[in-house]
Amino acid sequence: MPTTSKDLQFLRTTYLRGPNIWTYRPVLEVWVDIGALEDAPSNTILGFYERLVGWLPTLIEHRCGVGERGGFLERVREGTWMAHILEHVAIELQNLSGIQAGFGKARQTSKRGIYKVAVRARNEEVGRAALSIGRDLVMAAIEDRPFDVAAALDELRQKIDEHHLGPSTACIVQAAAERRIPVMRLNTGNLVQLGYGALQRRIWTAETERTSAIGENIASDKDLTKRLLKSCGVPVPEGEVVDDPDAAWTAAQDIGLPVVVKPIDGNHGRGVVLDLSREEDIRAAFAVADAEGSGVIVERFVRGQEHRLLVVGDKLVAAARGEEAWITGNGRDTVEALIDSQLNSDPRRGLNEEFPLNKILLDEDPVIELELTRQQLTRHSVPAAERQVLIQRNGNVAADVTESVHPDNAALAVLAARIIGLDIVGIDIVAEDISKPFDEQGAAFIEFNAGPGLLMHLHPASGKPQPIGEAIISHLFPSAEQHGRIPIFGITGTQGTTAIAQRLAALLRLAGYRVGLACRDGLYFGQRQVDHRNAVTWAAGERVLMNRLIDIAVIESDAALILREGLAYDRCQIGVVTDTEGLSALADDDILTTEQLCQVLRTQIDVVLSNGVAVLNAHDPRLAEMAPLCDGEVVFYATDASLDVIAKHCRQGGRAVVVADGQVMLMHGSYATALNTHSTPDLEIVATIAAAWAFGINATLIRIGIERPEPETVRLAG
């Protein structure tokens, strides 16, 4: 029963992971009982509008149904219902937290006061949090209670940090989406599949399936890296691996002062101490470097600025320059306080990878203590007014200089990446001027970073952002025609869908394809049944699309799956809809009319690719009416060749598969070809033939396939 209180109660929350009745994209759907608020629209609650706008002034950007800036707030002022307001508040909370979520809908159900609210949710946990916080905010505005928006946004940002992709991975995923390459997240971290089945590629942050484990191991061994590079003519500083402080001092004298002391297998500049000339400094630096890695190396110090060059495949795609970090004394504050006020206060510095510069934390960077000691200071010292104090020599690489890189330097960086064996690598180079050839200035390659951070190039502290995501996607999918999609047959309805799916899978196997099948009878890879449970689920469809041995996927679905989980795929090559029956099974989803059911089933037609085909049962006039919704071609099928819809479709040059005089006829415009079957097929077989023909299987193979006994399936025990 609907509540009679003035409250917003969540009755049911469903995360729709794939295309659904609302949109192509994942959404969180919540059924909201607004109770007595059904009789109290927003314009009847004193001060509600002012409180809402005071907390979320950016709602002015929501156009809503009015279609103009401020349209939603106009609706609130004139009077709208709280479920509608909750939708917009949940969207805006996500936007303000850094996650774009432009889509939302609120629709009344058949029960008074109960609404379905759907909001774009890239992640289920974040979406749930946004709706929950949104409910609290709306109720506070209704009841004239305080609400801490800043704290609410902090809570939501924490959820985003916990559950969303990191910015490096997200930029690659965004670039994939712009190329219409499907994306599947494979874990709760940053392991992502791009594409489906045998055509997929995988990334993990800035690493790909092409990233060599051997290359990573080489890059982590600085001595081995230097020897390989030097053998190929790439400039590196001479150096020596040492076992103790005495050996470090001896090596420094042999190499020539000043030197650098650093871990042999460290990364990200940790434990690296630069420009050392005094024995006591070198000995102290040995202890710092030794604590960061499994060995220590002493190298010649190369004068110049630190640079990071990013190589993807066979191209240099970005370059950034580093800067030293200094503070200026004022005669009052300690070094520690000056670091916080002059450096860490910079909005470009933060504690996670969303910031181009890291906060300087004295307790976590012993190299800073060494730098201060060399200047006769400690963290508690108070530098004299105007005294310049060096805090960090490296680690502040965030100024974009991509357009300044000399072509010879870019070519040398690509060569170095190939020598190490990494397809994506961040190369640290010290050079006076990146715009001049390295050979002319004594520059040197210092360090190679597998899985490099990308934020310095995406959001540099200064200069132009670089399209790193696009570069990585072009590396994985070089041709504009490559999209990582295998053909998918989606089959929806209630009548014979399982039999159609199984027959299609058998026919496609006969044609030489490696087929993954998810249907009500189970999950199959080839002729092997790997799960005997009902596989008309989102998870089963995902299992098919994750399989790297699959050339083609055949996935059965129904209206309940679309309503409760969403389709497992974003688009399909062939979409089969058999009927508009099964309404009685959807009452719990508040689908009570055939018109509503058709809105659900149209999802299967909506997701057909522009070069794909919708295969529709011509006996059902409601399906014929949905044909214009398809982005691609439409092929009708029927056991009655005299249907008006068939005749009209063929007159317009369309295709159809019908039964006439006991024979299957493949009709295309004014042409017809008999399939010459030995028996008159039923409607399910005609649907199978239509789907196979729509895909391009030739008529002879189709005839053989539908008359050939299916080899026995290898089934699971039990």
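Helices (H or I, at least four residues) and strands (E, at least two) are DSSP runs, numbered from the N terminus. This is a predicted model, where local features need pLDDT of at least 70 and side-chain atom pairs count only at pLDDT 80 or more, while totals for chains, interfaces and linings use all residues. Residues are numbered from 1 along each chain as its sequence is written, and side-chain values use heavy atoms, with hydrogens and water left out.

Before zooming in, take in the overall picture. Along the principal axes, the C-alpha atoms fill a box of roughly 100 × 70 × 50 Å. Of the 718 residues, 54% are buried; buried means under 20% relative accessible area, exposed means over 50%, and partly exposed is in between (1.4 Å probe, protein chains only). Take the contacts between residues at least 6 apart in sequence, and 65% of them join residues at least 24 apart. Contact here means heavy atoms within 4.5 Å.

**Stop 1: a buried serine**

Select Ser 42, in the loop between strand E2 (27-33) and helix H1 (48-55). Ser 42 counts as buried, at 2% relative accessibility. Show its neighbours too: leaving out residues up to four places away in sequence, Ser 42 touches Phe 48, Arg 75, Val 76, Gly 79, Thr 80, Met 82 and Ile 85.

**Stop 2: two packed helices**

Now select helix H3 (residues 82-96) and helix H4 (residues 124-143), which pack at an angle of about 125° with their axes 8 Å apart. Axes are lines fitted to C-alpha atoms, for helices over the stretch in contact, and angles run from 0 to 180 degrees between N-to-C directions. H3 and H4 are therefore oblique to each other; angles under 35 degrees count as roughly parallel, over 145 as roughly antiparallel, 65 to 115 as roughly perpendicular and the rest as oblique.

Show side chains to see who makes the contact. From H3 come Met 82, Ile 85, Leu 86, Val 89, Ala 90, Leu 93 and Gln 94. H4 brings Val 126, Ala 130, Leu 131, Ile 133, Gly 134, Arg 135, Leu 137, Val 138 and Ile 142. Colour them by class and you get 13 nonpolar, two polar and one charged residues. Ala, Val, Leu, Ile, Met, Phe, Trp, Tyr, Cys and Pro count as nonpolar, Asp, Glu, Lys and Arg as charged, and the others, Gly among them, as polar.

Then slide on to Asp 144, in the loop between H4 and helix H5 (149-163). Its phi is near 55°, a positive value in a residue other than glycine. Asp 144 is exposed, with a relative accessible area of 54%.

**Stop 3: a cis proline**

Go to Leu 257 and Pro 258, joined by a cis peptide bond with omega about 0°. Pro 258 is in the loop between helix H9 (245-255) and strand E10 (259-263).

**Stop 4: a five-stranded sheet**

Next, pick out the open sheet with strand order E19-E14-E13-E20-E21 and antiparallel pairing. Two strands pair if DSSP finds at least two bridges between them. Strand E19 (397-400) and strand E21 (444-450) are the edges, each with a single partner strand, so one side of each has no neighbour in the sheet. On average, neighbouring strands are turned by 35° against each other, direction ignored.

Look for Leu 309, opposite Ala 319 in E14.

**Stop 5: back-to-back hairpins**

Select strand E23 (residues 515-519) and strand E24 (residues 522-525), which run antiparallel with four bridges between them. E23 and E24 form a hairpin with two residues between them, and Gly 516 stands opposite Phe 525 in E24.

Carry on to strand E25 (residues 528-531), joined to E24 by three bridges and antiparallel to E24. Tyr 524 has Gln 529 in E25 as its bridge partner. E24 and E25 also form a hairpin with two residues between them, and Gly 526 in the turn has a positive phi of about 65°.

**Last stop: an exposed asparagine**

Finish at Asn 676, in the loop between strand E32 (671-674) and helix H22 (683-695). Asn 676 has a phi near 60°, a positive value in a residue other than glycine. Asn 676 is exposed, with a relative accessible area of 52%.
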